[in-house]
2 protein chains.
Amino acid sequence: MVQETLLKKEGNNSAESLITLEETISKIKPVNEEIKQKTREKVDGLLKPVGSLGLFENMVVQLGGIMETTSPNVDKKAIVVCAADHGIVEEGITAAPKFVTELMTYQIPKYVTGVGVIAKQTNAEIVLVDVGVDADIEYSDNLVNRKIRKGTANMRTEQAMTREEAIQSIEVGIEIATNLINNGVTLLGTGEMGIGNTTPSSAIMAVLSGEDPEKVTGAGANLPDDKVLVKIEVIKDAISLHKPDKDDAIDVLSKVGGLEIGAMAGVMLAGAANKVPVVIDGFISTAAAAIAITLNPLVKDYLICSHMSHEKAAAFSLDFLGFKPYLDLGFRLGEGSGAAVAFSLIDGAVRMNNEMSTYAEQNLGVV
Amino acid sequence: MVQETLLKKEGNNSAESLITLEETISKIKPVNEEIKQKTREKVDGLLKPVGSLGLFENMVVQLGGIMETTSPNVDKKAIVVCAADHGIVEEGITAAPKFVTELMTYQIPKYVTGVGVIAKQTNAEIVLVDVGVDADIEYSDNLVNRKIRKGTANMRTEQAMTREEAIQSIEVGIEIATNLINNGVTLLGTGEMGIGNTTPSSAIMAVLSGEDPEKVTGAGANLPDDKVLVKIEVIKDAISLHKPDKDDAIDVLSKVGGLEIGAMAGVMLAGAANKVPVVIDGFISTAAAAIAITLNPLVKDYLICSHMSHEKAAAFSLDFLGFKPYLDLGFRLGEGSGAAVAFSLIDGAVRMNNEMSTYAEQNLGVV
């Protein structure tokens with residue numbers, strides 16, 4: 001399903017050379033307000049009462065502003081699923097054992113997991129990027145090797161990764177996303193796989209928001225209540241040990257983050273730098289978005305918030321960042337599954353904009 | 001796009017003879033709780049934490065119970081859009097002029113309106129049924145003539161239609177839906193077109209719920225506030241003149257209803273009688289559902305509530321009937337547009353159930 005070329009570096013393709021985090025951040029411009037306005041006018045001229053297709057209308061207006069066209073096209077879609085392991089699982093804060101990361105790293109690119117079967121609905125390609133799975137993986141066309149290290153360190157006692165590794169994880173996401181964009185992808189989604197990764201996500205949100213870890217820590221994948229209390233203690237210990245600087249996203253990511261979280265932040269930054277919308281998935285993607293937005297607040301307008309995850313901290317985190325999700329389906333799977341569902345909505349909204357008859361075609365005034 | 005055969009009566013097809021309302025009502029059985037339970041067990045065995053795909057899981061369990069299979073298939077879908085006019089528009093309670101019903105009656109089957117462009121996403125067919133458009137229409141394969149009368153009477157002074165016409169309108173919906181089902185459709189949606197039809201919908205909900213018309217009357221398609229007050233008065237007048245019996249749905253439909261509302265109720269009854277799920281759209285479809293459920297409360301479990309319309313009375317009405325919508329996208333267009341979006345979700349949920357790998361396949365226990 002995935003075309004081999006989508007990730008291969010070619011000729012004088014701009015992805016040929018490494019794109020640094022700094023270059024990417026400086027390339028991001030505000031979305032085009034003038035074209036947003038023109039897109040709104042176009043939508044208001046469609047054959048329906050003004051405003052009557054609600055969020056579909058807003059969605060298209062946002063896409064117009066991002067892509068700088070009143071007729072945005074999202075035919076070629078990809079979900080970048082970033083996978084990595086977490087040293088923190090030693091503390092017993094997950095329901096599933098660590099080897100599930102490796103297992104899912106193989107299954108996700110086969111389109112037989114939650115994100116895969118839903119992605120097939122809109123012909124979205126899945127690219128799984130191993131940024132730090134703690135296993136030797138056999139790679140294939142859409143299971144690519146960008147391993148930085150075999151999992152993070154246990155943040156309860158050491159910082160999760162070095163500052164250089166944190167930057168490198170973001171640059172992996174930038175490289176992969178830029179490659180996809182250079183090969184024609186016009187809609188990106190983020191997803192992840194990493195047993196234990198709600199823990200660093202909660203830690204990131206606690207640091208960036210200044211909230212108590214209790215408020216932003218939930219049950220992940222069916223963790224029993226007593227273990228959730230341990231998880232909260234672990235996060236408190238890590239924050240008090242490393243004292244991450246909330247104004248320095250790289251510091252936060254390196255001390256209490258995860259490699260796949262960095263890579264997802266990179267995908268978002270590259271999307272914004274290249275005027276390609278990025279659909280964020282659930283709670284872990286939201287933590288990545290918080291990192292990306294801290295690095296450059298302009299990123300936010302390039303992100304589309306797919307759904308309200310039912311992981312406990314999701315609602316708080318979206319609210320903290322000022323996102324309103326399009327869907328609330330009780331999902332808490334991750335992988336990019338919510339982003340994949342949102343792709344269908346976006347397809348619908350784009351069809352509305354491009355295929356509906358207009359008042360003008362019917363020789364009528366707008367109602 | 002629409003196959004001609006879908007609506008043609010053929011050979012000894014059971015749709016050959018008229019199916020009465022009474023026969024249909026008596027044919028409806030409760031959904032199969034045992035197969036619901038088995039479907040839940042199947043979903044719990046999929047390769048994901050139990051419950052982590054939230055409402056997709058519930059959706060499939062409901063489909064399983066309705067269709068009596070743990071592997072429901074919804075490949076062939078149709079939206080029945082019922083069109084009719086309303087005598088009540090004489091009272092000046094609509095923003096759009098009456099001829100828009102006729103105009104949209106031609107445009108909807110061309111797949112160039114809101115419902116059409118969205119329906120194309122899931123290859124859902126649209127069948128527009130003229131139950132009472134106040135114009136002479138040129139019919140075609142998916143624009144079918146079942147006109148009962150040219151619009152209802154103005155319910156402020158006369159009852160909207162006779163009791164016989166009300167039954168006939170429901171039987172039109174039964175016939176059309178049964179025909180589609182006999183031709184392989186396994187997922188139905190309801191939609192409507194009828195300038196003025198939020199007024200009878202509000203009247204129906206006021207009568208059936210016993211609420212004050214003010215609580216269940218909104219702005220329809222962008223009606224100014226002062227006209228909404230007129231609309232409320234009109235509804236109050238109609239109810240106090242005709243005194244519809246809330247326990248007799250046909251009485252309510254005939255006195256303060258609409259021909260397309262009756263036809264949609266018929267689609268729902270036929271779906272339930274034939275174990276085919278019916279996706280209801282917004283407020284007007286909800287009023288039709290209220291009629292169908294009053295006729296036989298078992299219908300409710302066969303209905304899938306697509307979205308929370310932003311017509312004022314939608315939230316109250318869904319709550320009154322005990323529905324929880326899957327989507328809240330700010331739609332208030334009607335036509336079946338919200339049902340069409342829900343078709344994508346249902347497709348996704350069905351893919352989850354039929355295409356995801358299982359814990360058993362991975363030699364793992366359920367987490």
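Chain B can be laid on chain A by a turn of 180° and a shift of 0.0 Å along the axis, with an RMSD of 0.0 Å. The two copies are thus related as by a two-fold rotation axis. In general, a rotation about an axis and a shift along it relate two copies of a chain. This is a predicted model, and the values here are computed from it.

Where do the copies meet? Of the interface residues of chain B, 100% are also interface residues in chain A, so the copies meet through the same surface.

Now take one chain alone. Chain A has 13 helices and six strands. Along its principal axes, the C-alpha trace of chain A spans about 70 × 45 × 40 Å.

The inside of the chain comes next. Buried residues make up 64% of the 367 residues in chain A. Take the contacts in chain A with a separation of 6 or more: residues 24 or more positions apart account for 76% of them.

Turn to chain B for the strands. Six of them form an open sheet, in the order S3-S2-S1-S4-S5-S6. The pairing is parallel. Which strands lie at the edges? They are strand S3 (143–145) and strand S6 (303–305) of chain B, and each pairs on one side only. Neighbouring strands of this sheet are turned by 30° against each other on average, direction ignored.

One pair in the sheet shows the pattern at residue level. Strand S1 (residues 77–84) of chain B pairs with strand S2 (residues 125–132) of chain B in the parallel sense, over seven bridges. Within this pair, B:Ile79 stands opposite B:Ile126 in S2(B).

How many disulfides does the whole structure hold? A search over all chains finds zero. For comparison, a disulfide needs the two sulfur atoms within 2.5 Å. A:Cys305 has 3% relative accessibility, so it counts as buried. B:Cys82 is in no disulfide either, and the nearest cysteine sulfur, that of B:Cys305, is 18 Å away. Is B:Cys82 buried or exposed? At 1% relative accessibility, B:Cys82 counts as buried, because buried means under 20%.

Terms used
Residues are numbered from 1 along each chain as its sequence is written. Chains are lettered from A and ligands numbered from 1 in the order in which they are written. This is a predicted model: local features need pLDDT of at least 70, side-chain atom pairs count only at pLDDT 80 or more; totals for chains, interfaces and linings use all residues. Side-chain values use heavy atoms; hydrogens and water are left out. Two strands pair if DSSP finds at least two bridges between them. Helices (H or I, at least four residues) and strands (E, at least two) are DSSP runs, numbered from the N terminus. Axes are lines fitted to C-alpha atoms, for helices over the stretch in contact, and angles run from 0 to 180 degrees between N-to-C directions. Buried means under 20% relative accessible area, exposed over 50%, partly exposed in between (1.4 Å probe, protein chains only). Copies are superposed by least squares on the C-alpha atoms of residues with pLDDT of at least 70 in both. Contact means heavy atoms within 4.5 Å.
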